[in-house]
Amino acid sequence: MMMFLTILFTSVIALAVCSLMFARTAPRETPHPELRPDPRLALDPPKFFAGDLARPAEPKPVPLEVLLSHIDRHVRLEQAAAETFLDVPTPESLHSRTASPFVN
Amino acid sequence: MPSSQTDLLKGLSEDEADLLLAVGNPITVPAGGVLFRLGEQADRVYQVVRGRVTLTLPMQVRGAEEDVVIEERLPGETLGWSGLIPPHRFTLKATAAAQSELVAFPRAALLDHFSAHPTVAYTVTRNVAAVIGHRLQVFQTMWLREMQRVVELRYS
């Protein structure tokens with residue numbers, strides 16, 4: 001009987017010590033507030049391809065004929081501006097702006 | 001058009017101009033026809049009588065070579081002065097924008113005429129120098145304007 005009580009007493013103490021140690025090492029149940037998910041995100045629908053739609057469309061390439069006509073117009077306007085400068089050579093006329101599509 | 005209003009012959013008397021014009025050969029170039037190409041041997045100087053000639057340079061546009069109009073020559077104006085100035089290579093391509101009539105002055109015949117008529121040579125040489133000088137000034141100005149834009153784009 002004495003031996004039985006000794007074993008029982010020792011077991012109860014060991015169980016109490018183990019419980020205490022477990023309680024200290026286990027993570028607490030209360031989550032950190034900053035880790036809580038944003039409720040608005042949880043309500044938003046999935047956006048797997050929405051990014052592509054939201055991105056601004058790339059400009060369409062200018063047709064070659066149009067580009068060449070722009071180059072032609074630019075050269076003519078710049079030449080005319082250069083001729084004007086040679087007629088009246090001033091810093092203002094040297095840097096006068098034209099209606100060229102390349103500089104506007 | 002009176003000779004006195006042409007790039008090459010201005011300053012010459014009517015007789016001097018007629019003698020010089022007799023040195024040249026009248027030619028007709030159909031619309032789209034090429035008068036000379038970039039890099040070709042230049043042995044003629046041209047004066048436009050009728051029509052319109054465009055001077056172009058090749059430019060890379062989207063990976064392809066395209067002729068870009070640099071200048072136009074109208075009746076009374078001169079082109080192809082590389083025919084008189086060493087190394088006698090055309091630095092542009094000349095194409096008739098419309099059917100055009102020109103006078104082509106072969107270099108050899110022109111130089112012979114100049115040897116026989118020094119005063120005509122002096123006047124014509126001054127006229128050619130004026131054409132070359134004007135082109136230099138125009139393109140110097142255009143180059144500066146483009147440089148200004150490059151600097152503004154890069155450093156502003």
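## Helices α1 and α2 of chain B

The crossing of α1(B) and α2(B) is right-handed. The model described here is predicted. Helix α1 of chain B covers residues 14-23 and helix α2 of chain B covers residues 107-116; their axes come within 9 Å and cross at roughly 150°. An angle over 145 degrees counts as roughly antiparallel, which means that α1(B) is roughly antiparallel to α2(B).

On the side of α1(B), the contact is made by B:Leu19, B:Leu20 and B:Val23. On the side of α2(B), the residues are B:Ala109, B:Leu110, B:His113 and B:Phe114. Sorted by class, this contact of α1(B) with α2(B) has six nonpolar residues and one polar residue, with no charged residues.

## Helices α2 and α3 of chain B

Helix α3 of chain B spans residues 118-155. α2(B) and α3(B) pack at an angle of about 125°, and their axes are 5 Å apart. The two helices are therefore oblique to each other.

From α2(B), the contact with α3(B) takes in B:His113, B:Phe114, B:Ser115 and B:Ala116. From α3(B), the contact takes in B:Pro118, B:Val120, B:Ala121 and B:Val124. Six of the residues in the contact of α2(B) with α3(B) are nonpolar and two are polar, while none is charged. B:His113 and B:Phe114 belong to the contact of α2(B) with α1(B) and also to the contact of α2(B) with α3(B).

## Chain B as a whole

Chain B contains three helices and six strands. Along the sequence, these elements follow the pattern α-β-β-β-β-β-β-α-α.

The C-alpha trace of chain B spans about 60 × 30 × 30 Å along its principal axes.

## Where chain A meets chain B

Chain A has 24 residues in contact with 19 residues of chain B. About 1800 Å² of area is buried between chain A and chain B, and carbon and sulfur atoms give 59% of this area. Of the area that chain A buries against chain B, 25% is supplied by A:Glu78, A:Gln79 and A:Leu86, more than by any other three residues.

How many salt bridges are counted between chain A and chain B? The count is three. B:Arg149 forms a salt bridge with A:Glu78, in which the closest N and O atoms are 2.9 Å apart.

Terms used. Residues are numbered from 1 along each chain as its sequence is written. Chains are lettered from A and ligands numbered from 1 in the order in which they are written. This is a predicted model: local features need pLDDT of at least 70, side-chain atom pairs count only at pLDDT 80 or more; totals for chains, interfaces and linings use all residues. Side-chain values use heavy atoms; hydrogens and water are left out. Axes are lines fitted to C-alpha atoms, for helices over the stretch in contact, and angles run from 0 to 180 degrees between N-to-C directions. Helices (H or I, at least four residues) and strands (E, at least two) are DSSP runs, numbered from the N terminus. Angles under 35 degrees count as roughly parallel, over 145 as roughly antiparallel, 65 to 115 as roughly perpendicular and the rest as oblique. A crossing is left-handed if the near helix is turned anticlockwise from the far one by less than a right angle, and right-handed if clockwise. Contact means heavy atoms within 4.5 Å. Ala, Val, Leu, Ile, Met, Phe, Trp, Tyr, Cys and Pro count as nonpolar, Asp, Glu, Lys and Arg as charged, and the others, Gly among them, as polar. Buried area is the accessible area (1.4 Å probe) that two parts lose on being put together, summed over both. A salt bridge is a side-chain nitrogen of Lys or Arg within 4 Å of a carboxyl oxygen of Asp or Glu.
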